[in-house]
Amino acid sequence: MSPFYGDYRFVEEYVRIEIKMKNIAIKGIKGLGIVILHLLILGLIPLNMYMMNINEILAIVLTVCWIVLVRVIVKLISKKKDSESENTKALKNVTGKVLLIILDVLIIFLMILATEFNSYWNSCMYRDIDWSNDTGNQVLTREDALSDYNYAMKYLKKIHPLTLGGLPDDMEARAKEVKAGLESRDSITGYELARELESIFALAGDGHTHVDENYSDAHYMKYIYEHRKAGDVLVGINGVSFEDFLVDSPGYVSYDEGMNAYGVRMLKNRISTLEGLRYLGYDIEGEIVYNYVSEAGEEIDVTVTKDDFLGIDEYYEYAESVTGDDMSGDREDKDYVRYEIDEKNSIAVFTLDSCDYNSHYKEVVKAMFDEIHEKDIKNIVVDLRNNGGGSSLCANEFIRYLDVEEYKSWADEVRYGCLLFKHSGGMIKNNKKGYGFSGKVFVMTSIYSYSAAMDFAMLIQDNGLGSIVGEPCGNMPASYGQVTQYILPRSGIYIQISIKRWHRVDESKEDLPILPDTECNPDDALDVIYDILAE
């Protein structure tokens, strides 16, 4: 026997192990490749989120077809490599087949979740949208209008909590009327289609669920600012009060049930522009009469034509020339979150025009409370009078700087496809920051304090953390919200639909709006707070 025989056996064993490890690695890489190939179809999800609409059924069908195609490709590859018996055996291995079946089922299940139980499928919320398109003046064919009608109704039924069991009777009846009307017409303008769809959406009694046409440039009635400055109150148009308009012509604007004051504000916003008048169906080729009431109670009628409507820059120039006011501040973009310190009166005024929860918001809040501590400020005024909403986390971040151990939050139900998930609310531990402010907190509100701004005021009032001064907020605490948004494919009209039902923090006030502790004209709210502190 050769003295090197043992060494040869060692080398042979090493080579066998090396070959075995290499085969394992190859099989692992091939298996990973097969898995990745299967998973590629899930790329439809981010593609839909950021770039394009994909029909839900089509996405599921494409997923199944892709899985079948991958199986065929794998089978063909395995047949071509029969000489590689180990690989062929691995592909035909029962365990491998079972794992592939599980993977296939999992991918199909994930696609069903993404399409049928995802309230944001085909939403435009995460896409760059061109809002400069003039969708109001366009003329649509019957086919295009009906296509967009079906699209809008599909998502209203799919995601709104109110329609979980189908459309309520009044919405169903109105939807049939609208569809029949569209079927009887050869064409329709974007303004008319938006108004018809809104007449359905408005019946939800949900200000968050609405339809809007968009246009490249708005044209404002040029006398608005000078009448506002004079203290004149716009009460109607063409001799019809806004309150009567809401009763006689329901469905032109969406607002929470019982919040007629917000509906009036929405009508005022509409008639302030030429485009809004077109949406409301007014003949802009003729004369239109705006009905005002002066501070002295005198009725003032202002007759205008379409020539009295100006683009935004011309509007500001006209207002400045008539009133002598410098309106440059109105043209400039102000920081949506800012504060001022009145050290003499020990007051910090924190202005939040939009509930945008981000690092900038957190930095401003921290800076303010640091300065409040440094200067020993005793009172904080939160100005939400022009805040249309956003993220309710803004309120939570603010409360973290208060000397509060815990506070109560609201209950809610959120819809995902045919499922409704309930959250009971309850007490939240306050993860405190800063020095623990223990002074007085006032919140200024108006009818324009909406959605997350209303939530902010509710958390403060219902937890006894401060007082509300101004007028009631624009929507009910017990209402719908957390929206998703769509662009109708044929017309480009914008629709927004709620997916969640909120409840009030203080359940004993479930049917009430946020009522101020001290009610006053919102424009006078800060002066009223100074008077309160001076007492």
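Two strands pair if DSSP finds at least two bridges between them. In this predicted model, strand E7 (residues 288–293) and strand E8 (residues 299–304) meet that condition, with 6 bridges in the antiparallel sense. Strand E7 also has a partner in strand E5 (residues 233–237). Here 4 bridges join the strands, and the direction is again antiparallel. Strands of a sheet pair through backbone hydrogen bonds, either parallel or antiparallel.

These pairings belong to an open sheet of 4 strands. The order is E6-E5-E7-E8, and the pairing is antiparallel. Strand E6 (240–241) and E8 form the edges, each pairing on one side only. Individual residues can be followed across the sheet. Tyr292 of E7 stands opposite Leu234. In E8, Tyr292 has Ile300 as its bridge partner. Val293 in E7 faces Val233. Between E7 and E8 the chain makes a hairpin, with 5 residues separating the two strands. Gly297 lies in this turn and has a positive phi of about 90 degrees.

Aromatic rings were examined next. A search of the whole structure gives 17 aromatic pairs. One of them joins Tyr262 and Tyr450. Their ring centres are 4.6 Å apart and their planes meet at 15 degrees. Planes under 30 degrees apart count as stacked, so this pair is stacked. Tyr262 belongs to helix H11 (residues 260–271). Tyr450 sits in the loop between strand E17 (440–445) and helix H17 (452–462). The pair therefore ties together parts that are 188 residues apart in sequence. Buried means under 20% relative accessible area. Tyr262 has a value of 10%, so this residue is buried. Tyr450 is buried too, at 6%.

Ring pairs also build a cluster. Its members are Phe350, Tyr357, Tyr361, Phe369, Phe398, Tyr401, Phe437 and Phe456. Charged groups meet rings elsewhere. The charged end of Arg270 sits over the ring of Tyr279, 3.7 Å from the ring centre. Arg501 lies over the face of Tyr480, with a distance of 4.9 Å to the ring centre.

Helix H17 is mostly covered, with 11 of its 11 residues buried. Among them are Ala452, Met454, Phe456, Leu459 and Ile460. Phe456 is also a member of the aromatic cluster. Asp462, likewise in H17, has a relative accessibility of 16% and so counts as buried. The side chain of Asp462 makes a polar contact with the side chain of Arg504, at 2.8 Å. A polar atom of the Asp462 side chain also lies 3.1 Å from the backbone nitrogen of Asp506. After H17 comes Gly464, with a positive phi near 65 degrees.

Most residues other than glycine have a negative phi, and most peptide bonds are trans. Ser451 lies in the loop between E17 and H17. Its relative accessible area is 17%, so Ser451 is buried. Gln482 is not a glycine either, yet its phi is positive, at about 45 degrees. Gln482 is found in strand E19 (residues 480–487). With a relative accessible area of 30%, Gln482 is partly exposed.

Asn521 lies in another loop, between strand E21 (518–519) and helix H18 (525–534). Asn521 is partly exposed, at 40% relative accessible area. A polar atom of the Asn521 side chain lies 2.9 Å from the backbone nitrogen of Asp523. Asn521 and Val469 are 52 residues apart in sequence. In space, their C-alpha atoms are 9.1 Å apart.

The whole structure holds 1 cavity of 30 Å³ or more. The volume of the largest cavity is about 30 Å³. Its lining consists of Ile45, Asn48, Met49, Asn118, Tyr120 and Trp121.

How values were computed: Residues numbered from 1 in each chain as written. Predicted model: local features only at pLDDT ≥ 70, side-chain atom pairs only at ≥ 80, totals over all residues. Heavy atoms only, no water. Buried < 20%, exposed > 50% of the residue type's maximum accessible area, 1.4 Å probe, protein only. Polar contact = N/O pair within 3.5 Å; in protein donor to acceptor, adjacent residues only side chain to side chain. Phe/Tyr/Trp six-rings, centres within 6.5 Å; stacked < 30°, edge-to-face > 60°. Lys NZ or Arg CZ within 6 Å of the ring centre and 35° of its normal. 1 Å grid on protein atoms, 1.4 Å probe; cavity = no way out; pocket = protein on both sides within 12 Å on 5 of 7 lines; lining within 4 Å. Points joined across faces, edges and corners; volume = space filled by probe spheres on them.
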